[in-house]
Amino acid sequence: MRLVYSEELTDLATSMARMCSLATDDMELATHALLQIDLVAAEKVLQSSTEMSRLATENEERGFALLALQAPVARDLRQVVTSIQLVQDLTRMGTLAGHVAKIVRRRHPESVLPEPVNGYFAEMGRVAVSLGRSATEVLLNRDAEQAATLAQQDDAVDDLRRHLFTLLTVREWKWGVASAVDVTLLGRYYERFADHAVEVAQRVIFLATGEYATLAEDNPEHSSASNEELVRRFNETDRSLKNRVAGDDSTQGDNLS
């Protein structure tokens, strides 16, 4: 029984890394679609949302089931609770990649980006994808020192977005209001993707050390589900599991009679 429990924890950790990898792949493909005006690539990103939703639901249910059935303690408890919280960050990363793809699809066959800002988004995409890859690695290796370095990479995305904002507001913008809105939104999407990757790293540090390190500025938009919300979900899952077990016992009794 204990071996099965250990395998379930390992499988859950691997599945969380799979979510992070998938979200990062989507952002990489969405950036390609944005820079190359590639509608096919944008559609592929949007289609992958089904798989991301499936993994999110599955991982959250598995986490609550482990809490209800195994009553983990100490490090195991940190792993299960952290995994449940991570689902929110990883799902959001995938959603943000989808937002980039949606803008590409909406503007196709026209380019979303004016030529002067192409370089900004090429670099923002590169850094965001690098952060996503690093977040995937630390989810697998639980290396707190490597996780702590992600915030430094995130600073580059923040700097690029500030430069974009300057370009939009200080200099003369020749490409219209709609273009300015798109560029502003896209900059925000990349910044938020990077922020969530840093949040993943913070949770890995907590998992490895038991201490929660603040690597990025506090932001209410950045917070995952509240403790009250997690308790509510746990109670719902606990009731569902108990009802399922009661139903199985009843069925077995009927079969024996």
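**Close-up 1. Ile37 in the loop between helix 1 and helix 2.** In this predicted model, Ile37 sits in the loop that joins helix 1 (2–36) to helix 2, where helices are DSSP runs (H or I, at least four residues) numbered from the N terminus. Although Ile37 is not a glycine, its phi is positive, at about 55°. Most residues other than glycine have a negative phi. Ile37 counts as partly exposed because its relative accessibility is 33% (buried means under 20% relative accessible area, exposed over 50%, partly exposed in between, with a 1.4 Å probe and protein chains only).

Close-up 2. At the start of helix 2, a side-chain oxygen of Asp38 comes to within 3.1 Å of the backbone nitrogen of Val40.

**Close-up 3. Thr82 in helix 4 (residues 74–107).** Thr82 counts as buried because its relative accessibility is 2%. Leaving aside residues up to four places away in sequence, Thr82 touches Arg203 and Phe206 (contact means heavy atoms within 4.5 Å).

**Notes.** Residues are numbered from 1 along each chain as its sequence is written. Local features need pLDDT of at least 70, side-chain atom pairs count only at pLDDT 80 or more, and totals for chains, interfaces and linings use all residues, while side-chain values use heavy atoms, with hydrogens and water left out.

Methods:
Helices (H or I, at least four residues) and strands (E, at least two) are DSSP runs, numbered from the N terminus. A polar contact is a pair of N or O atoms within 3.5 Å; within protein, one must be able to donate a hydrogen and the other to accept it, and residues adjacent in sequence count only if both atoms are side-chain atoms.
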